[in-house]
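Okay, everyone, thanks for coming. Let me put the model up on the screen, and then I'll walk you through it piece by piece.

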Amino acid sequence: MHGKHASSFHENISKIRTLIVQAALEPGDRLPSERELAETLSISRASVREALRALSFLGIVETKHGGGTFLCEQDRHRYIEILSEFIVTKQTKASDIVDMLRLLERLALTEVEPTPERIALLESSVKTDRDFRQNLIFGLKNELFIRIWSEVNRFYDGTDTGDLYTEDERRRLLEMWRGAGMPE
């Protein structure tokens, strides 16, 4: 997909998703017909079909031949995966993904209490970047944060750039975190 077409394609998908939310459709509910969607959203029927095919591919809707298009049952966290596919594009720079992971992981350092058990766990994994970062993130109790981190980390793995932090950086992060939890 090139430039303007890709932009309008994503915009059309967004319009349909907004309509689904505004109409408060539940899993199993039937979407308006292609003709109704085209009129309501002021887009061509061909554009509606293209967007519905993409939403069907993503598992958001299901089209039954002769029966219409229906909203599928969704795992709430599946939406994070779907959104990440639209947020991270071919134009996204690897450096932006690295920066985002570093921001998320440093935020996690401020939210996870440095208990002796967690400190020991991070100390035991300080030699391996991936283990260290996972142990830090999985110390959080916020499932949504963990899911977002996991998706960004999945894209990072695809950049094939090696470790996010050097071992020295991991040791400094651990010492900084350990110091934040100890009374002066």
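**Starting at the hairpin**

Let's begin with the hairpin of β1 and β2: three residues sit between its strands, and Gly66 there takes a positive phi near 80°. Before I go on, the housekeeping: this is a predicted model, where local features need pLDDT of at least 70 and side-chain atom pairs count only at pLDDT 80 or more, while totals for chains, interfaces and linings use all residues. Residues are numbered from 1 along each chain as its sequence is written, and side-chain values use heavy atoms, with hydrogens and water left out.

Back to the strands. β1 covers residues 61-64, and four bridges join β1 to β2 in an antiparallel arrangement. Strands count as paired here if DSSP finds at least two bridges between them. By buried I mean under 20% relative accessible area; exposed is over 50%, and partly exposed is in between, with a 1.4 Å probe and protein chains only.

**The overall layout**

Zooming out, the protein has nine helices and two strands. Those are DSSP runs numbered from the N terminus: helices are H or I with at least four residues, strands are E with at least two. The order from the N terminus is α-α-α-β-β-α-α-α-α-α-α. There are 184 residues, and 36% of them are buried. The accessible surface is about 11500 Å², with 53% of it belonging to carbon and sulfur atoms; that's the Shrake-Rupley method with a 1.4 Å probe, and for residues only the protein chains shown count as cover. As for contacts (heavy atoms within 4.5 Å), take those between residues at least 6 apart in sequence: 66% join residues at least 24 apart.

**Helices with a buried face**

Next up, α5. This helix takes in residues 94-111, and at 1.5 Å a residue its 18 residues should span 26 Å, which agrees with the 26 Å between its end C-alpha atoms. The expected span is 1.5 Å times one less than the number of residues.

Which residues of α5 are buried? They are Ile97, Val98, Leu101, Leu104, Glu105, Ala108 and Leu109. Looking down the axis of α5, these buried residues fall within an arc of 145°, so they line one face of the helix. The arc is taken from the directions from the helix axis to the C-beta atoms. Over on the other side of α5, Leu103, Thr110 and Glu111 are exposed.

Helix α7, residues 129-137, has Asp129, Phe132, Arg133, Leu136 and Ile137 as its buried residues. Down the axis of α7 they stay within an arc of 125°, so they too line one face of the helix.

**Salt bridges**

Now the charged side chains. The structure holds 15 salt bridges, each one a side-chain nitrogen of Lys or Arg within 4 Å of a carboxyl oxygen of Asp or Glu. There's also a network of salt bridges linking Glu105, Asp129, Arg133, Asp163 and Arg170. Glu105 is among the buried residues of α5, and Asp129 and Arg133 are among those of α7.

Let me show you a few individual pairs. Glu11 and Lys15 meet in a salt bridge at 3.8 Å, N to O. Both lie in helix α1, four residues apart, about one turn of the helix. Glu11 is partly exposed at 43% relative accessible area, and Lys15 is partly exposed at 27%.

In helix α8, residues 143-159, Arg147 and Glu151 are likewise four residues apart, and their side chains meet at 3.7 Å, N to O. Here Arg147 is partly exposed at 22%, whereas Glu151 is buried at 5%.

Then there's α9, residues 167-181, where Arg171 and Glu167 are four residues apart, about one helical turn. Their salt bridge comes in at 2.6 Å, N to O. Arg171 is partly exposed at 37%, as is Glu167 at 27%.

**Two last stops**

Glu167 comes up again with Thr128, 39 residues away along the chain: their C-alpha atoms are separated by 7.7 Å. Thr128 sits in the loop between α6 (116-124) and α7, and is partly exposed at 37%.

And finally Asn12, in helix α1, residues 3-22. Is Asn12 buried or exposed? Buried, with a relative accessible area of 6%. Setting aside neighbours within four places in sequence, Asn12 is in contact with Ile43, Ser47 and Ala51.
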